[in-house]
Amino acid sequence: MALPDGVPTVTVVDSRTYPDGSPMTGRVTLTPEPAAISSPEHGHIATGPAEGHWSNGVLVGATGARGITVLPADAPGYSPTGWTYTVHETPGRGPQRTYPVLITTSLGPVVDLADIAPVAAYEGDYVLVPGPRGDDGEDGAPGASAYQVAVANGYVGTEPQWIASLKGAKGDPGTPPTGDTVGVTRTVDKLSDEQVPSSLVLQDDDHLTVSVTAGGRYAIAAMLAVDGDPAADLLLTLAAPPGSTGYWTPGAITLGVSDGTGSIRLTRYAPGASIGVGITAAGLIVAPLGTITAGANGSITVQWAQNVSSATPTILRAGSWLRVTRTA
């Protein structure tokens with residue numbers, strides 16, 4: 001950037017080094033912003049960057065002289081005023097930098113980039129340097145026992161008495177878990193007899209039903225006291241919410257047995273699958289067992305009807321019960 005005679009100038013130098021103390025290398029340019037600075041008085045337009053480079057750690061200009069000579073932003077007769085230079089550094093080592101600076105005659109004839117360049121944000125890491133190991137300290141005197149501390153604070157009694165005093169009074173009994181939670185058993189009782197004559201359609205028992213929660217696993221047991229026509233027998237199932245899985249067995253004698261001497265039916269069935277079991281003239285006990293994982297919120301319910309239609313009603317007696325224990 002050639003300047004007319006009589007125009008004030010400022011020479012930009014740089015005293016910085018690399019972090020390890022070695023001299024800087026690379027190039028530097030100072031570009032005026034805006035691109036053209038004009039002076040009708042001097043018949044001069046300043047354009048383009050002023051360039052320099054580091055040589056043996058010294059910033060030199062294009063002519064080889066120390067420093068880069070530039071036009072200050074407050075030079076008389078030049079327009080506009082108050083403009084800035086964009087400094088672009090391309091060091092031989094490390095990242096490039098670009099930043100603005102304001103250079104005026106108030107800085108003096110020579111200005112050091114080290115004084116006007118902005119400080120970059122810290123981007124390094126701390127390095128922990130362990131110091132030498134110190135000497136081991138001396139062992140302290142043995143401290144008082146808890147009993148000795150108690151005596152010092154006014155306790156009167158022997159050490160066994162003091163230890164016994166540490167045991168508090170027995171607390172109140174805890175409250176066992178309730179509701180539909182793991183480990184809880186719920187039992188429903190059949191409050192009154194219920195009759196079904198001349199019907200093969202499974203129906204919910206009026207009393208034997210227990211609510212369950214989706215995803216819960218339940219162990220099921222029941223005791224059903226049944227009377228009726230031995231020719232009608234009993235159609236039975238354990239109904240569960242849609243999507244439920246598991247197994248159950250009726251735990252009753254086989255069909256067509258009138259005297260109770262038949263084999264016990266323990267075939268495994270899925271929830272909701274119905275099976276006929278025998279009824280004797282003297283009445284019998286049916287003892288279903290099973291495990292069901294609920295596929296949705298709902299209920300596990302005893303459903304029953306006649307296996308063969310008969311005008312003589314099939315009766316499920318009061319005192320029958322259904323027991324459900326949540327196991328998972």
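A residue is called buried when its relative accessible area is under 20%, exposed when this area is over 50%, and partly exposed in between, as found with a 1.4 Å probe and protein chains only. The structure described here is a predicted model, in which local features need pLDDT of at least 70, side-chain atom pairs count only at pLDDT 80 or more, and totals for chains, interfaces and linings use all residues. Residues are numbered from 1 along each chain as its sequence is written, and side-chain values use heavy atoms, with hydrogens and water left out.

The protein chain contains 3 helices and 24 strands. These elements are DSSP runs numbered from the N terminus, with helices (H or I) of at least four residues and strands (E) of at least two. The radius of gyration of the protein chain is 50 Å, whereas the globule rule gives 20 Å for 328 residues, so the chain is more spread out than a compact globule. This radius is taken over C-alpha atoms, and the globule rule is 2.2 Å times the number of residues to the power 0.38. Along the principal axes, the C-alpha atoms fill a box of roughly 135 × 75 × 30 Å.

Of the 328 residues, 34% count as buried. The protein chain exposes about 18,300 Å², and carbon and sulfur atoms supply 56% of this area. Accessible areas come from the Shrake-Rupley method with a 1.4 Å probe, and for residues only the protein chains shown count as cover. A contact is defined as heavy atoms within 4.5 Å. Among contacts between residues at least 6 apart in sequence, 72% join residues at least 24 apart.

The largest nonpolar core has 30 residues, and those with the most contacts inside it are Leu224 and Val286. Such a core is a set of buried Ala, Val, Leu, Ile, Met, Phe, Trp, Tyr and Cys residues joined through side-chain atoms within 4.5 Å. Elements that give two or more residues to this core include strand S13 (203-212), strand S14 (217-227), strand S15 (234-239) and strand S22 (298-305). The largest share, 5 residues, comes from S14. When neighbours within four places in sequence are left aside, the contacts of Val286 include Ala222, Leu224, Leu236, Pro250 and Val277. Another core lies apart from this one; it has 27 residues, among them Ile37, Val87, Val101 and Leu113.

Two features of the backbone were examined next. Most residues other than glycine have a negative phi, and most peptide bonds are trans. The peptide bond from Glu33 to Pro34 is cis, with omega near 15°. Pro34 is in the loop between strand S2 (26-33) and strand S3 (36-39). A cis peptide bond also joins Ser79 and Pro80, with omega about 0°. Pro80 is in the loop between strand S7 (68-70) and strand S8 (84-91), and Ser79 is found in the loop between S7 and S8. Ser79 is partly exposed because its relative accessible area is 44%. With neighbours within four places in sequence left aside, Ser79 is in contact with Ile37 and Ser38. Ser79 and Ile45 are 34 residues apart in sequence, and their C-alpha atoms are 9.6 Å apart in space.

Ser198 is in the loop between strand S12 (194-196) and S13, and counts as partly exposed at 43% relative accessibility. Asp233 is in the loop between S14 and S15. With a relative accessible area of 5%, Asp233 is buried.

Ala150 is found in helix H2 (residues 146-152) and counts as buried, at 16% relative accessibility. Leaving aside neighbours within four places in sequence, Ala150 is in contact with Tyr155 and Trp162. Ala150 and Trp162 are 12 residues apart in sequence and 8.5 Å apart in space, C-alpha to C-alpha. Asp135 is in the loop between helix H1 (113-116) and H2, and counts as exposed because its relative accessibility is 80%. The C-alpha atoms of Asp135 and Gly243 are separated by 72 Å, and the two residues are 108 apart along the chain.
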